[in-house]
Amino acid sequence: MRNDGAPTAATLPDPCAPVGLDTGTALALILEGVEAVAGEEAVSPMLAAGRALLRDLPAPAPLPPFPNAAMDGYLLAEPDLARAAPFTLPLAGQRFAGDAPGEALRPGTTIRILTGAVVPPGGAAVMYQERCERHGDAVTFHQTPLLGANIRGAGEDAGAGSTLLRGGIRLEPQHLALAGAAGAATLPLRRRVRVGLMSTGSELARPGEALRPGQIHDSNRPMLAALLTAPFVSLQDLGTVPDRPDLLAQTLRDAGDLDLLVTTGAVAGSEADHLPRAIALAGGSVAVQRLALRPGKPLLHGSLGQARVLGFGGNPLAGFVGASLFAVPLIRALAGLPPAPPRGREARLDEVPGRRVDRREFRPAQLLEDGADGVLLRCLGPGSSARLMPLAAADGLAELLPGEPLRVRFHPFASLLAGS
Ligand SMILES: Nc1nc2c(c(=O)[nH]1)N[C@H]1C(S)=C(S)[C@@H](COP(=O)(O)OP(=O)(O)OC[C@H]3O[C@@H](n4cnc5c(N)ncnc54)[C@H](O)[C@@H]3O)O[C@H]1N2
Ligand code: MOO
């Protein structure tokens with residue numbers, strides 16, 4: 001934790017110091033002691049996609065609950081399955097999906113039955129209609145079905161009381177079909193992770209506001225809001241706050257209950273970087289670490305009340321990389337999901353990028369080829385973490401590997417989103 005006021009040799013980061021902490025160690029520190037947020041919400045399966053289920057979901061009844069037809073056709077009783085086709089039977093009724101089972105099927109008769117309709121007692125097989133011919137009140141069968149043909153048995157999918165979904169899983173469409181089939185009006189979900197987003201900098205004007213000399217508009221909050229949005233996240237926008245410890249501290253005090261505060265700017269340790277002090281004024285405790293990472297060398301990490309705090313450098317690409325490497329795994333851990341830091345895919349570059357550093361480095365990259373010969377990328381832009389146009393034109397980030405001129409790992413943008 002550094003103090004406000006004039007910088008001293010002790011408070012300024014030393015540019016000649018060894019490159020810094022590796023990102024794996026930094027993530028381990030960030031995740032140390034993190035537990036999934038406590039608190040439960042009952043949520044309709046219509047709105048539950050992408051969130052963690054807290055408890056096992058048992059089947060309240062067998063699935064399907066009754067034997068039913070798997071095809072549109074005609075129902076036969078067991079004694080009639082011994083007949084040699086073709087043979088003709090009188091039509092004794094009909095069952096559509098949603099009808100009650102009704103009377104038992106009498107041997108020597110057939111009934112019209114549609115897919116999903118209850119098979120009444122005595123029904124032994126459905127012959128699908130393509131092998132039958134109806135003439136008024138009689139049906140000729142051109143094929144004899146086997147016992148049980150085209151009948152879905154009660155409980156064949158799941159028995160009553162069996163576990164349909166395990167607690168802890170992230171609910172995807174395939175799981176929600178089962179939750180729907182079980183008739184669950186709501187599911188017990190972990191409450192959303194509350195994430196606050198704040199940009200710091202006296203140079204930042206509000207959206208729609210004309211720029212005064214020396215001002216720019218905020219790129220980081222819209223970008224981070226998009227990166228960190230997920231079904232299991234509730235975002236709170238704390239806005240842009242000038243480099244003043246009192247205003248920063250007041251904003252933090254007003255923020256309410258957060259699980260994670262994500263900030264950008266004011267981490268390099270200059271005399272205008274008041275964020276660590278403001279967090280201390282608001283009752284928190286943070287430290288700025290230097291990482292072996294570009295962009296994103298300075299990283300602020302600590303806590304404020306119940307909330308974890310992560311602060312990234314003000315340059316937009318520093319925030320992009322920091323959020324992808326640290327904020328997304330932390331949010332996932334808080335949401336009770338595996339933190340899964342981005343792994344990327346093997347790829348190669350079409351040419352050696354200039355201005356490389358010997359540490360983990362990320363560059364905006366365009367996908368040139370993705371075929372049998374692997375993934376070929378081109379780095380865009382001059383490698384400046386302030387440039388936005390190369391980032392917007394890219395398909396993802398290329399992770400340059402120390403000592404490897406052309407071999408990289410490719411992180412498509414979609415894979416870096418908290419909700420991916
Ligand atoms: N002498 C040194 N100077 C700098 C170093 C260093 O190691 N020694 N590191 C550079 C790197 S790398 C970064 S990243 C930044 C980190 O500095 P801060 O986190 O204190 O960020 P600021 O100074 O507030 O801003 C840096 C840069 O980014 C612009 N910015 C800030 N917020 C936003 C925003 N929300 N939207 C768009 N742009 C933003 C800001 O205007 C500055 O241009 O320090 C370097 N300097
Ligand atoms: O964090 Mo700075 O943007 O490394 O380049």
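Ala266 sits in the loop between E17 and helix H5 (275-281), and in this predicted model it counts as buried because its relative accessibility is 11%, under the 20% cut-off. Its phi is near 60°, a positive value in a residue other than glycine. Most residues other than glycine have a negative phi, and most peptide bonds are trans.

Ala340 is another residue to look at for its backbone. Its phi is near 40°, again positive without being glycine, and its place is the loop between H6 and strand E22 (345-349). Ala340 is partly exposed, with a relative accessible area of 48%.

|---|---|---|
| Leu63 to Pro64, cis | near -10° | between strand E2 (57-58) and strand E3 (68-69) |
| Ala85 to Pro86, cis | near 0° | between strand E4 (73-77) and strand E5 (87-95) |

Now to the sheet. Six strands form an open sheet in the order E16-E13-E17-E21-E20-E18, and the pairing is mixed. E16 and strand E18 (285-290) stand at the edges with a single partner strand each, so one side of each has no neighbour in the sheet. From one strand to the next, the twist averages 15°. Strands of a sheet pair through backbone hydrogen bonds, either parallel or antiparallel. E13 and E16 run parallel and are joined by seven bridges; Thr200 stands opposite Val241 in E16.

Helix H6 lies across E13, E16, E17, strand E20 (298-304) and strand E21 (307-312), and runs at about 165° to E21.

H6 has a helix partner too. The axes of helix H1 (residues 23-31) and helix H6 (residues 316-334) come within 10 Å and cross at roughly 35°, and the crossing is right-handed. On the H1 side, Thr23, Ala26, Leu27, Ile30 and Leu31 take part, meeting Leu325, Phe326, Pro329, Leu330 and Ala333 of H6. By type, the residues of this contact are nine nonpolar, one polar and no charged.

Which residues of helix H3 (residues 220-228) are buried? They are Asn220, Arg221, Met223, Leu224, Leu227 and Leu228. These residues lie on the same side of H3, because they cover an arc of only 160° around the axis. An α-helix has 3.6 residues a turn, so residues three or four places apart point the same way. The buried residues of H3 pack against strand E13 (193-200), strand E16 (233-241), strand E17 (260-264), H6, helix H7 (389-393) and helix H8 (413-416).

Elsewhere in the chain there is a hairpin. Strand E8 (residues 132-135) and strand E9 (residues 138-141) run antiparallel and are joined by four bridges, with Arg134 having Val139 in E9 as its bridge partner. Two residues lie between E8 and E9, and Gly136 in the turn has a positive phi of about 60°.

Finally, is Arg166 buried or exposed? Arg166 counts as exposed because its relative accessibility is 51%, and exposed means over 50%. Arg166 is found in the loop between strand E11 (163-165) and helix H2 (173-181). Leaving aside residues up to four places away in sequence, Arg166 touches Leu53 and Asp56. The C-alpha atoms of Arg166 and Leu54 are 8.5 Å apart, although 112 residues separate them along the chain.

Terms used: Residues numbered from 1 in each chain as written. Chains lettered and ligands numbered in written order. Predicted model: local features only at pLDDT ≥ 70, side-chain atom pairs only at ≥ 80, totals over all residues. Heavy atoms only, no water. Axes fitted to C-alpha atoms, helices over the stretch in contact; angles between N-to-C directions. Left-handed = near helix turned anticlockwise from the far one by under 90°. Contact = heavy atoms within 4.5 Å. Nonpolar A, V, L, I, M, F, W, Y, C, P; charged D, E, K, R; others polar. Buried < 20%, exposed > 50% of the residue type's maximum accessible area, 1.4 Å probe, protein only. Arc of directions from axis to C-beta. Pairing = 2+ DSSP bridges.
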